[in-house]
Structures are given as structure tokens and as C-alpha cells.
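Please look at the sequence and the 3D structure below. The report that follows walks through selected side chains and their contacts.

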Amino acid sequence: MKIGFAGLGVMGGPMARHLVEAGHDVAGFNRSPDKARAWAEATGGRFAGTVEDAAAGVELFILCVGNDQNVREVVEIALPTLAPGAVIVDHTTTSAKVAREMAERAAGQGAFFIDAPVSGGQAGAENGQLSVMAGGDAAALARIEPVLMHYAKAVKHMGHSGSGQLTKMVNQIAIAGVVQGLAEAVHFAQTVGLDTDAVYDAISRGAAQSWQMDNRWTTAAAGQFEFGFAVDWMRKDLGLVLDEARANGAHLALTALVDQFYSEVQSMGGSRWDTSSLAARLQARPAPPARP
């Protein structure tokens with residue numbers, strides 16, 4: 001398939017590479033031309049100097065960019081140059097509102113827009129093990145799903161346009177609560193003088209087990225926070241969640257509190273630390289008085 005890919009960062013770059021390796025004709029665009037050239041040289045994909053170059057005549061145009069406004073700008077430029085009936089797949093985490101706007105805009109040009117945020121982080125992108133939650137036209141998604149499976153382990157259609165983004169919000173709500181619980185558990189274990197490795201061995205095979213525990217307990221206990229999805233990105237996502245909650249009346253007290261805690265991590269200089277760095281704000285607190 002002839003594919004255009006906009007956004008070749010830590011997520012988009014590996015995803016686009018998987019498509020090239022699968023034999024697709026992929027033109028890659030990035031706001032930084034040097035990054036796009038380096039990607040093309042490393043993968044054998046085609047360098048696209050502009051969005052128009054990446055989108056020209058393609059059947060599938062994929063985005064993995066920064067935010068709502070980036071999506072609007074790229075789609076507006078790409079739409080007139082796509083092949084008739086082309087499908088736009090947006091892997092950016094955005095608001096549900098912009099997903100619905102872009103679906104309507106694409107339909108007016110005879111194209112399809114699928115909001116398809118992902119979960120799995122940089123490791124999932126590198127290893128082709130992402131989970132994709134998608135909203136939009138079911139038939140259009142089915143048409144391009146085999147292509148997405150080159151970098152995904154699962155693609156799930158969630159319903160009408162915007163449903164993929166709403167599902168990603170649910171994902172981030174769940175992660176926020178679990179990571180805060182993990183941070184407090186590590187902090188408590190350290191405060192009472194337990195061996196954190198032994199604690200992990202004792203509790204990780206029971207009801208407390210989670211992906212976060214299996215992958216972040218040891219590093220969080222060691223004060224190491226250089227493992228993937230950054231606090232800045234999480235705060236962006238939680239901002240989308242809280243905006244949506246204010247609009248629909250959902251009550252997300254814990255999510256709002258965790259977002260506040262992440263702002264404290266940012267003030268500590270942890271903007272680029274991974275999300276388990278919620279433990280850092282607890283580790284930085286003064287030690288409690290000695291127990292009698």
C-alpha cells in the first residue's frame with residue numbers, strides 16, 4: 001500500500017519503520033527535516049519534505065503528532081492531495097472534539113478519518129506490540145486494519161468518531177490511579193524499613209499484581225525514572241481527560257489529584273521523567289521521626 005506518515009518521533013518513527021519492513025511504500029514527514037531524512041536513510045522509506053509530499057496520492061495517511069492543533073494543521077494540508085476514498089488514521093492522543101471535527105472535514109472531501117490513539121509506549125512501538133483503540137467508520141477501519149497490525153498486537157473498534165480518544169482517556173485514568181498506588185506502596189515499604197525486593201516477591205503474584213508493578217516497582221524504589229512515557233505527556237493527556245470530564249459531568253477526583261501531583265514532579269525538574277516518578281515526590285519528603 002502507498003502510505004504517508006506524519007510524525008516520526010519516538011512513537012511514529014518505529015511504527016513507520018514496521019510498515020517499511022512489511023513491504024509498504026512509505027513516505028515519512030517530520031517537522032524537523034533532518035529527523036525525517038535520518039529515518040528514511042535508516043529504514044529505506046521515502047523522505048517527504050512537506051506534508052503535501054507525504055500525502056500525495058496515498059491510500060492511507062497516518063499521523064502521530066503532538067496535539068489537537070497539530071492534527072488540524074496536518075489534516076487540512078493533506079486532505080486535498082490524498083487518493084480518492086483514502087483513510088486518515090490519527091494515532092495522536094487528542095480531544096474527542098477534534099476527532100469528530102476531522103471526521104466531518106474528511107467526509108466532506110470523500111475521505112475517512114479514524115481516531116486511533118495507542119497504548120503501549122515507546123517499547124510497544126519499537127516491538128510492534130501497541131494496542132489501538134479506534135473510533136470512526138467501521139468499514140474503513142477494517143480495510144486498513146491489516147496494515148496497522150504490523151505495529152499493533154490488537155486493534156479494537158470502539159464506535160463512532162471520538163470513541164477511540166474517549167477510550168484512551170479511560171486508559172489514562174486507570175494508569176494514573178495505579179501508578180499513584182504503586183508510588184505510595186513503594187514509599188510505605190521504604191518508610192517502614194522493608195526490603196522492597198522482598199516485598200515485590202511477596203505481593204506481585206497476588207491481587208496487587210499489575211503491569212506497572214512488574215515493570216516499575218524496582219526502578220521506582222531505586223529512584224530511577226528514565227523508562228518511557230514522560231510526565232509532560234501524561235499531564236497533556238490528563239488535561240484532555242479533565243476537560244472532557246468537566247464537559248460531560250464525570251467525577252474524577254483521584255485523576256485530578258494525581259494530575260496535581262504530576263505538576264509537583266514537574267516543579268522538581270521531572271518533566272521528562274517517566275510516569276512512575278510520582279514516587280519521587282514522596283521520596284523527597286523529610287524522613288518521619290524514628291519509631292520508639
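Glu-101 is partly exposed, with a relative accessible area of 26%. Partly exposed means between the two limits: buried is under 20% relative accessible area and exposed is over 50%, with a 1.4 Å probe and protein chains only. This is a predicted model, where local features need pLDDT of at least 70 and side-chain atom pairs count only at pLDDT 80 or more, while totals for chains, interfaces and linings use all residues. Residues are numbered from 1 along each chain as its sequence is written, and side-chain values use heavy atoms, with hydrogens and water left out.

**Salt bridges**

Glu-101 has a charged partner. Arg-72 forms a salt bridge with Glu-101, and their closest N and O atoms are 3.0 Å apart. Arg-72 lies in helix H4 (residues 68-78) and Glu-101 in helix H5 (residues 96-107), so the pair ties together parts that are 29 residues apart in sequence. Arg-72 is partly exposed, at 24% relative accessible area.

Two terms need their rules. A salt bridge is a side-chain nitrogen of Lys or Arg within 4 Å of a carboxyl oxygen of Asp or Glu. Helices (H or I, at least four residues) and strands (E, at least two) are DSSP runs, numbered from the N terminus.

Which side chain does Arg-105 meet in a salt bridge? The partner is Glu-76, at 2.7 Å from N to O. This pair also links distant parts of the chain: Arg-105 is in helix H5 and Glu-76 in helix H4, 29 residues apart. Arg-105 counts as partly exposed at 29% relative accessibility. Glu-76 is partly exposed, with 41%.

Arg-37 is partly exposed at 38%, whereas Asp-34 counts as exposed at 57%.

| Arg-72 | Glu-101 | 3.0 Å |

The structure holds ten salt bridges. Some join into a network: Arg-17, Glu-21 and Glu-126 are linked in this way.

**Aromatic rings**

How many aromatic pairs does the structure hold? There are two aromatic pairs. The ring centres of Phe-225 and Trp-273 are 5.7 Å apart and their planes stand at 35°, so the pair is tilted. The pair links distant parts of the chain: Phe-225 is in the loop between helix H10 (211-221) and helix H11 (231-248), and Trp-273 is in the loop between helix H12 (253-267) and helix H13 (278-283), 48 residues apart. Rings of Phe, Tyr and Trp (its six-membered ring) pair if their centres lie within 6.5 Å; planes under 30 degrees apart count as stacked, over 60 as edge-to-face and the rest as tilted.

Phe-225 counts as buried at 5% relative accessibility. Trp-273 is partly exposed at 21%.

The charged end of Arg-281 sits over the ring of Phe-261, 3.7 Å from its centre. The rule asks for NZ of Lys or CZ of Arg within 6 Å of the ring centre and within 35 degrees of the ring normal.

Is Ser-277 buried or exposed? Ser-277 counts as buried, at 0% relative accessibility. Ser-277 lies in the loop between H12 and H13. The side chain of Ser-277 reaches the backbone oxygen of Asp-274 at 2.7 Å.

Asp-237 lies in helix H11. Asp-237 is buried as well, with a relative accessible area of 4%. The side chain of Asp-237 makes a polar contact (a pair of N or O atoms within 3.5 Å; within protein, one must be able to donate a hydrogen and the other to accept it, and residues adjacent in sequence count only if both atoms are side-chain atoms) with the side chain of Gln-172, at 2.8 Å.

**At the surface**

Ala-139 is found in helix H7 (residues 138-148). Ala-139 is exposed, with a relative accessible area of 56%. The C-alpha atoms of Ala-139 and Ala-42 are separated by 34 Å, and the two residues are 97 residues apart along the chain.
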